[in-house]
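Me: I have a structure open and want to go through it with you. Can we start with the aromatic rings and take the rest from there?

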Amino acid sequence: MIGKGSEEMFSPEKIPVKGKVIDITVSISSFTPIFPGDPEPSIEKTLTLEKDGCAVSRLIFGSHTGTHVDAPSHVLKGGLPVDSLDIESLMGEAVVLDFSRRGGALTGSILEDVYSKRKVLESSSGVSILLLKTKAPFQKEEYSETLGFLAGKSDPRRELEASPESFAYLDASGAAWIVRNGFKTVGIDSFSLDSLSSESLPAHHTLLSSNVNIVECLDLSSVEAGMYFFLCLPLKIEGCDGAPSRALLISYS
């Protein structure tokens, strides 16, 4: 098994604090892109320093806004909410694999091939987190245009440069490979591990039903493929299907 079992408790001493800290969180603002149909984010000043002596804001956004963790209850009836997740499974040694030059389904055989070529892993038996860097970060115009098309907000006269399936995503075999190899968390820099046009969400169902955490909307644009220490802390929102999160990588050098 590639991943480390949940029976091994997280030890704070394992955090390589001397490495470079890389913030891979997408900020939340009124302009943060959202998946079609999600609530529009809004940040409104309700108290000000000048008038009230302190500043307080009203925050309105969906549970899957910006960098976020999907809880099992997002797609599974009776699934755990985000406040019941094992927080230790969202911390640990991570490998970033670069699929920014590849589009379409990431199958189990593709993941196995790319993963096995990372020789650095030969001396590492504790990697429990898999992060997928794709060509779909938020600043990509073609990605934003595809989201607009899905939301019905795109100019129908304009031919899309990229279809939803042209961006990298996990298919059922890719999700099964992740479960089979013992990963506890998988993250991606797009809105969904599944195809953007998928309605059945097979990867979500396979992963979340197997207690594998899903982190979406990461900012991996400045991150190179390799090994890191990963930390992801979702807001502890009681009974919720997901939550915005702060995600960090710490390099080993």
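Reply: Fine. This is a predicted model, and the count of aromatic pairs in it comes to four.

Me: How do Y115 and F183 pair, centre to centre and between the planes?

Reply: Y115 and F183 are edge-to-face, with 5.9 Å centre to centre and 80° between the planes.

Me: Where in the chain do Y115 and F183 sit?

Reply: Y115 is in helix 2 (residues 108-116), while F183 is in the loop between helix 4 (172-180) and strand 9 (185-188). The two are 68 residues apart, so the pair links distant parts of the chain.

Me: Are Y115 and F183 buried or exposed?

Reply: Both Y115 and F183 are buried. Ring pairs also bring in W177, which forms a cluster with Y115 and F183.

Me: What lies over the face of F167?

Reply: K135 does, at 5.8 Å from the ring centre.

Me: Back to helix 4. Which of its residues are buried?

Reply: G174, A175, W177 and I178. Seen down the helix axis, these buried residues of helix 4 fall within an arc of 155°, so they line one face of the helix.

Me: And what covers the buried residues of helix 4?

Reply: The cover includes strand 6 (105-106), helix 2, strand 7 (129-133), strand 8 (169-170), strand 9 and helix 5 (202-208). Just after helix 4, G182 has a positive phi of about 80°.

Me: Which residues touch the most other members in the largest nonpolar core?

Reply: L130, L132, L170, I178, V186 and L207, out of 28 residues in that core. Strand 5 (91-98), helix 2, strand 7, helix 4, strand 9 and helix 5 each give two or more residues to this core. Helix 2 has the largest share, with four residues.

Me: What does V186 touch, leaving out residues up to four places away in sequence?

Reply: V186 touches L130, L132, I178, L193, L207, V212, N213, I214 and V215. Apart from this core lies another, of 22 residues, and among them are I24, V82, L85 and L220.

Me: Is N211 buried or exposed?

Reply: N211 counts as exposed because its relative accessibility is 60%, and the cut-off for exposed is over 50%.

Me: Where is C217, and what is its phi?

Reply: C217 is in the loop between strand 10 and strand 11 (226-234). Phi of C217 is near 65°, again a positive value in a residue other than glycine.

Terms used. Residues are numbered from 1 along each chain as its sequence is written. This is a predicted model: local features need pLDDT of at least 70, side-chain atom pairs count only at pLDDT 80 or more; totals for chains, interfaces and linings use all residues. Side-chain values use heavy atoms; hydrogens and water are left out. Rings of Phe, Tyr and Trp (its six-membered ring) pair if their centres lie within 6.5 Å; planes under 30 degrees apart count as stacked, over 60 as edge-to-face and the rest as tilted. Buried means under 20% relative accessible area, exposed over 50%, partly exposed in between (1.4 Å probe, protein chains only). A charge sits over a ring if NZ of Lys or CZ of Arg is within 6 Å of the ring centre and within 35 degrees of the ring normal. The arc is that of the directions from the helix axis to the C-beta atoms. Contact means heavy atoms within 4.5 Å. A nonpolar core is a set of buried Ala, Val, Leu, Ile, Met, Phe, Trp, Tyr and Cys residues joined through side-chain atoms within 4.5 Å.
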